[in-house]
Amino acid sequence: MNIPFLSGRHSKRRGDVAVVSGGAGVRDPAGLSDLLAECELLRRQAADAGVALDDSVESLEAIDQLLPRWRDDEETLIWLGTDAGLYLGTVLIRTVEGAAWNLWPSGQPVVRLASGREFDVVTAGHEWAASGVPELSQLYAEVAEA
């Protein structure tokens, strides 16, 4: 996912989000976290299925159980995959100590762990939306262990 208004070569301030050159860091992680946590399509689909998304590990398990009706619609599949990845990232940064959002120079949001390892949650979300594997809760467990 490329978020053009978040990427850039120079330090910029846009609304509540400040990005340092080349995605080296985020000066306002709360503003970025709020923006990336919206996941409107995923939250709507989950609510329609009776699943409350409360940014918990348990909610990832509940999402894994949703019937994949979105796979018949390419556009929905893409957007839902992005939302699933951003939601996975949201749960990671809210529950794993030292985890934070980082932006690659392309504008792609990733989760950076305290160890410095980065995890491309958006790509993982697209893989989950397309095939259901690996499950979001499984990905969470693997990343949280690292």
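Mentor: Let's start with Arg94, which counts as partly exposed because its relative accessibility is 39%. The labels work like this: buried is under 20% relative accessible area, exposed is over 50%, and partly exposed is in between, with a 1.4 Å probe and protein chains only. Keep in mind that this is a predicted model, where local features need pLDDT of at least 70 and side-chain atom pairs count only at pLDDT 80 or more, while totals for chains, interfaces and linings use all residues. Residues are numbered from 1 along each chain as its sequence is written, and side-chain values use heavy atoms, leaving out hydrogens and water.

Trainee: What share of the protein chain is buried?

Mentor: Of its 146 residues, 49% are buried.

Trainee: And how many helices and strands does the protein chain have?

Mentor: Six helices and five strands. These are DSSP runs numbered from the N terminus, helices being H or I with at least four residues and strands E with at least two. From the N terminus on, the order is β-β-α-α-α-α-β-β-β-α-α.

Trainee: How do I read a salt bridge?

Mentor: Side chains of opposite charge can pair when their charged atoms come close. The cut-off is a side-chain nitrogen of Lys or Arg within 4 Å of a carboxyl oxygen of Asp or Glu. A search of the whole structure turns up five.

Trainee: Which residue forms a salt bridge with Arg94?

Mentor: Asp34, with the closest N and O atoms 4.0 Å apart. Asp34 sits in helix H1 (residues 29–36) and Arg94 in helix H4 (residues 74–95), so this pair ties together parts 60 residues apart in sequence.

Trainee: How far apart in helix H2 are Glu40 and Arg44?

Mentor: They're four residues apart in H2 (residues 40–48), which means a separation of about one helical turn. Glu40 is exposed at 55%, while Arg44 is partly exposed at 43%.

Trainee: Where does Arg43 come in?

Mentor: Arg43 meets Asp55 in a salt bridge, 3.1 Å from N to O. That pair links distant parts of the chain, 12 residues apart: Arg43 is in helix H2 and Asp55 in the loop between H2 and H3. Arg43 is partly exposed at 25%, whereas Asp55 is buried at 15%. Through shared partners, salt bridges join Asp34, Arg43, Asp55 and Arg94 into one network.

Trainee: How about helix packing?

Mentor: Two packed helices are described by the angle between their axes and the distance between the axes. Here, the axes of H3 (residues 57–64) and H6 (residues 136–145) come within 7 Å and cross at roughly 145°. Axes are lines fitted to C-alpha atoms over the stretch in contact, and angles run from 0 to 180 degrees between N-to-C directions.

Trainee: Which residues in H3 and H6 meet?

Mentor: Val57, Leu60, Glu61, Ile63 and Asp64 in H3 meet Leu136, Ser137 and Tyr140 in H6, where contact means heavy atoms within 4.5 Å.

Trainee: Last one: how do strands S3 and S4 run, parallel or antiparallel?

Mentor: Antiparallel, with four bridges joining S3 (residues 100–103) to S4 (residues 109–112). Pairing takes at least two bridges found by DSSP. Trp101 stands opposite Val111 in S4. The hairpin has five residues between the strands, and Gly107 takes a positive phi near 95°.
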